[in-house]
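Biologist: Could you walk me through the salt bridges in this one?

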Amino acid sequence: MTESSSPPLADLLQAAVTTVGGTERPGQTAMAQAVAEAIDDSSHLLVQAGTGTGKSLGYLVPALAHGERVVVATATLALQRQLVERDLPRTVEALHPLLRRRPEFAMLKGRSNYLCLHRLHEGVPQEDADEAGLFDPFEAATPTSKLGKDLLRLRDWSDETETGDRDDLSPGVSDRAWSQVSVTSRECLGASKCAYGAECFAEAARERAKLADVVVTNHALLAIDAIEGAPVLPSHEVLIVDEAHELVSRVTGVASGELTPGQVNRAVRRAAKLVNEQAADALQTASEGFERLMELALPGRLEKIPEDLGYALMALRDAARTVISALGATRDASVKDEDAIRKQALGSVENIHQVAERIVEGSEYDVVWYERHDRFGASLRVAPLSVSGLLREKLFEDRSVVLTSATLKLGGDFNGVAASLGLSPESPQDPEGGEETAPRWQGLDVGSPFDYSKQGILYVAKHLAQPGREGSRADMLDELAELVEAAGGRTLGLFSSMRAAQAAAEELRGRLDAPILLQGEETLGELIRAFAADARTCLFGTLSLWQGVDVPGPSCQLVVMDRVPFPRPDDPLMSARQKAVEEAGGNGFMAVAATHAALLMAQGAGRLVRASDDRGIVAVLDPRVERARYGSFLRKSMPDFWYTTDRNQVRRSLAAIDAAAKAQGV
């Protein structure tokens, strides 16, 4: 059915909202209409939809009405599950009588998210089994071993599950256990060569996706589909990217590469038993040379590849190429499950070849740097300087794209986010009426049903000293303690580093009676549940808390940010991007560092008001938000709270909010 023969969009939206049990909101209606128009004229849309807008229905209803296949890509598992388990079933049920068809939907993830029956029944290839200390992990499993319990439960679950999707297993299992029964796309034998291909869970998920009208996936799989040239998603006419503020970082991750001595050594061991001695020795020698260099590696960007590293990488590249050729030319019938072992070895060596060759070629569009981890040692990394050109070419060419989030409008407009996605500041047309010179797009802010100016206060502690790079901030900790005490607990503390979060937790545990939960001391899910359950409790943490907490009600009435979350000055990728903007004549600080901070602060401030009756304060304990020239840019990026720098007013407001909550028994 085409869009022209569908019932009016307003009727469809009303039916969907009624079935879900909600009420129509002006922002949701405006969003749905804009999405429908973008799909109809094959243009692109950036739509900021604040918390409570009902944005899922705002894009699902017009997409389903249009009748073409749509892919919805999200950043988080929680939203994927919400779409597939709640929003889509209800929406399809509501629209079915009006559309006179029942759209099908399916979820599709990367291959390693699905149970591999070959691994389950044939066991882990010898190399991985040896590394795990198990020849056959299932035979070695015992009831007293956590790994053993997980593996035995996975075997039982394999007989019950219809999807093989790790996220359908409850309770879950450790990453170590899951790695024993899953494979990456590089390791997979392929359905035609695998004895279990006809029963493969990953292949079944792909087949369901091919038949579905709506395919729900994640940003990473979307990036792989767009970048690597081997389609994993079915063809589609409409792409909707939810949580779109995360897209650039997810695409950057997929487009990055890494080499570590451990990774190279594993590849050597995997290949050694399958290729001739000469090829194996060459890779072993190259591996040893690379490892010696990495032992001396100091963290930081490599603007020019040192000569000795260049030689080591060329040796790795050439030896890996020889092994790849040898792996394709030999077979050993005496090796049990030889195809699986060969496929795993080939994947490992191909990755080394690709990354080494990429770094040796030295593209001006790549950033190369060393990292050093206390536990894992040194690694050599490469990432694209920008993914904007990649996204412009791969994402916006052949389909209508809708990108939505609660935080796309930074500093008052969409231009910063649009530029990072490869879209021009505007949608220019040829002045003579000729062809377009860039993808056509528009930005739309549909607001939020919440009255931010009456529900929340943005407080900047301008009297504090400006934070430095190192050292404790005694005045900030004093301010934090006073705010938490005035609020009666009820505080979500968002810190720019784990060290700062730990220091604040330690200090306040010694000063206050309020329980202080600290990220890392328990799983994030357990911490959030405990925080929500007791209004006196505070939760302190870093990056994942800035974006991952949804606790409406009196348990979260004070959100504190210790400082502006600029990227670290020594972050190789961010500093390289900032330098590139400056060399092109732009303001690198505003385009990179300030935009990065504004996005996080917008997300962090969004933790406060999650429902229409929420009340509270966002406190930023960094005077630069008031004093610095970029302060107004940061403030404009956050919800439109009532703004003050009056510390006494804030304490009175917190005390009043706390008293009101206690009067209600919370």
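Predicted model: local features only at pLDDT ≥ 70, side-chain atom pairs only at ≥ 80, totals over all residues.

Biologist: How many salt bridges does a search of the whole structure find?

Modeller: Across the whole structure, the search turns up 36 salt bridges.

Biologist: Which residue does Lys55 pair with, and how far apart are the closest N and O atoms?

Modeller: Lys55 pairs with Asp242, and the closest N and O atoms of that salt bridge are 2.5 Å apart. Because Lys55 sits in helix H3 (residues 55-66) while Asp242 belongs to the loop between strand E5 (238-241) and helix H12 (247-254), the pair ties together parts that are 187 residues apart in sequence.

Biologist: And are Lys55 and Asp242 buried or exposed?

Modeller: Both Lys55 and Asp242 are buried.

Biologist: Switching topic, what about Asp87 and Arg86?

Modeller: Those two form a salt bridge as well, with the closest N and O atoms 3.3 Å apart. Asp87 has 7% relative accessibility and so counts as buried, whereas Arg86, at 39%, counts as partly exposed.

Biologist: Where in the chain are Arg610 and Asp550, then?

Modeller: Arg610 and Asp550 form a salt bridge whose closest N and O atoms are 3.0 Å apart. This pair links distant parts of the chain, 60 residues apart, with Arg610 in the loop between helix H25 (588-605) and strand E17 (616-620), and Asp550 in the loop between helix H23 (543-548) and strand E16 (558-561).

Biologist: Why does Arg610 count as buried?

Modeller: Its relative accessibility is 19%, and buried means under 20%.

Biologist: Last one: which residues are linked in a network of salt bridges?

Modeller: Glu479, Glu482, Arg647 and Arg651 are joined in such a network.

Terms used: Residues numbered from 1 in each chain as written. Heavy atoms only, no water. Salt bridge = Lys/Arg side-chain N within 4 Å of Asp/Glu carboxyl O. Helix = DSSP H or I, 4+ residues; strand = E, 2+ residues; numbered from the N terminus. Buried < 20%, exposed > 50% of the residue type's maximum accessible area, 1.4 Å probe, protein only.
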